[in-house]
Amino acid sequence: MTTLRIILGDQLSKSISSLKEANQEQDIIFICETWEQATHVKHHKKKIAFLFSAMRHFAKTLESDGYRTEYIKLDDPNNTGTLFGEIQRTLNSNTIKRIVVTHPSEYHILEDIKKLEAIINIPIEIMPDNRFFCSIEDFANWAKNRKQLRMEIFYREMRRKYSILMNGDKPEGGKWNFDTENRKPPPKNSIIPKPYRTNIDDLTYEVIELVSKSFSEHFGDLYPFYFAVTRSEALKVLDHFIEDRLIHFGDYQDAMLESEPWMFHSHISFYLNCGLLLPIECVKAAENAYHQGKVPLNAVEGFIRQIIGWREYVRGIYWLKMPEYAQENFFEANRNLPNFYWTADTKMNCLHQCISETKQNAYAHHIQRLMVLGNFALLTGINPKEVNEWFFVVYADAFEWVELPNVSGMILFADGGYLASKPYAAGGSYINKMSNYCKNCTYVITKKNGPDACPFNYLYWDFLVRNREKLESNPRISMMYKTYDRMDVEKKQRIKQDSKVFLDSLSNK
């Protein structure tokens, strides 16, 4: 009996559940590139090139391993343009009795697969995604009957369950979380290692040329192209991080510097999210480096928390709350996304830096996303749908399961506190502390009001005032209302007026 085994574009792992027990001579391994995949939103050109190249390399690896593969390229003249059109075309030319697929990472694909089964009248077996520490069902059971879901509690349970950074039943170093040690401002006169760069082979050049011709109107730069597109190269990126960057990752994971988009971060989220790297091997590599005395505990704990804590947690939230989660808008924000999010044409240097680097690299690290790009969207009341689409478009590691909870829950507090305990709103002083962006900005960070003042300074207070009814009872933010209430009437009026002028100007951009 021939089984069609579907590999989706973010399931590029030979250990993926849909390949388990595959008959190499008989079963067909199906992978395809589609216009639908590339234009569901108008993805960053570099993101499309990365994924299509990784998919082609993965198919080539499967073929060399003896698998019978059916790989459909985007420019195949018979390509129908959709995943399910291509599945149907493959079914028409082969006698298929059964279809196997690993659980998709995105809700709309899962729903389409369920509909497809009824249409084609062939049983489709949806296998659990075995790449994650916590299954969708286990997360739902953990969340059941809890008044509040908090990542820190979930993270500790993952540590215990998998015995990661544990000393018996106690956390290594006597604490679960070393985040207070991981907030140092940018290092002075420190040499930041260059990120690992891969060589572009002929297959990747072919994909880059295809993307250049087919998606010229999409956002972003194709060059320089630095992504690993094979598992062996992705493992080298991981090794490079462990050996050269992890030692300082903890201290400076929140720091930002002009012309240093990569800092001490790992740059492996691309490969984790498409399957070239597995979470368990990344966690073990970092933990082993700690036990060998190569890196400090605060760095390793911070890195591991991002993987077994935050990454697993947002996936659990996504599948627990979809599809309603995509509609959340707690603050009823309705402002359009300013055009400078696409052009970087803004006098605010922090935004200019982060958007320019995003355009070039299809990457920005988590503090740039949260406390600069996201913070501005939160304070100015930009519609969550537009913010979500932008983040989904521009970052090569963005898939809906990880992007949506991070943006709607963490960045915009659009779910009203289901994911995070408070809005991550901040004035300009935070950005000034954690970066050197303010030194070369048109606006003056020390000014609180007036045309030369940093807009973050008054927009922060304006955000609190606009949303007082919804936020004042939040114990993590209520103190700021007491500070505001102590301001004199004139100062409050300046905040209101400066904010109105600035927000009105956004409507014209």
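I began with glutamate 206, which I count as partly exposed because its relative accessibility is 39% (buried means under 20% relative accessible area, exposed over 50%, partly exposed in between, with a 1.4 Å probe and protein chains only). The model is predicted, so I note that local features need pLDDT of at least 70, side-chain atom pairs count only at pLDDT 80 or more, and totals for chains, interfaces and linings use all residues. Residues are numbered from 1 along each chain as its sequence is written, and side-chain values use heavy atoms, with hydrogens and water left out.

**Glutamate 206, continued.** I found this residue in helix α7 (residues 202–214). Helices (H or I, at least four residues) and strands (E, at least two) are DSSP runs, numbered from the N terminus. Leaving out residues up to four places away in sequence, glutamate 206 touches Arg56 and Lys73; contact means heavy atoms within 4.5 Å. With lysine 73 there is a side-chain polar contact of 3.2 Å. A polar contact is a pair of N or O atoms within 3.5 Å; within protein, one must be able to donate a hydrogen and the other to accept it, and residues adjacent in sequence count only if both atoms are side-chain atoms. I also looked up methionine 127, 79 residues apart from glutamate 206 along the chain, and got 33 Å between the C-alpha atoms.

**The sheet.** In what order do the 5 strands of the open sheet lie? I read β3-β2-β1-β4-β5, with parallel pairing; two strands pair if DSSP finds at least two bridges between them. At the edges are β3 (68–72) and β5 (124–127), each of which pairs on one side only. From one strand to the next the twist averages 25 degrees. Axes are lines fitted to C-alpha atoms, for helices over the stretch in contact, and angles run from 0 to 180 degrees between N-to-C directions.

**Strand β1.** I followed β1 (residues 3–6) to its two partners: 4 bridges tie it to β4 (residues 98–102), and 3 bridges to β2 (residues 28–32). Leucine 4 has isoleucine 28 as its bridge partner in β2 and isoleucine 99 in β4. Isoleucine 6 is bridged to valine 101 in β4. In a regular strand, side chains alternate between the two faces of the sheet. In β1, Thr3 and Arg5 point one way and Leu4 and Ile6 the other, and all are buried.

**Helices on the sheet.** I see helix α2 (residues 45–64) lying across β2 and β3, at about 160 degrees to β3.

**Helices α6 and α12.** Helix α6 (residues 151–162) packs on helix α12 (residues 297–321) at about 110 degrees, with the axes 9 Å apart. I therefore put the pair down as roughly perpendicular (65 to 115 degrees; under 35 is roughly parallel, over 145 roughly antiparallel, the rest oblique). Among the residues in contact are Phe154 and Tyr155 of α6 and Ile308 and Trp310 of α12.

**Aspartate 251.** Leaving aside neighbours within four places in sequence, I list its contacts as Glu181, Asn182, Arg183, Lys184 and Asn298.
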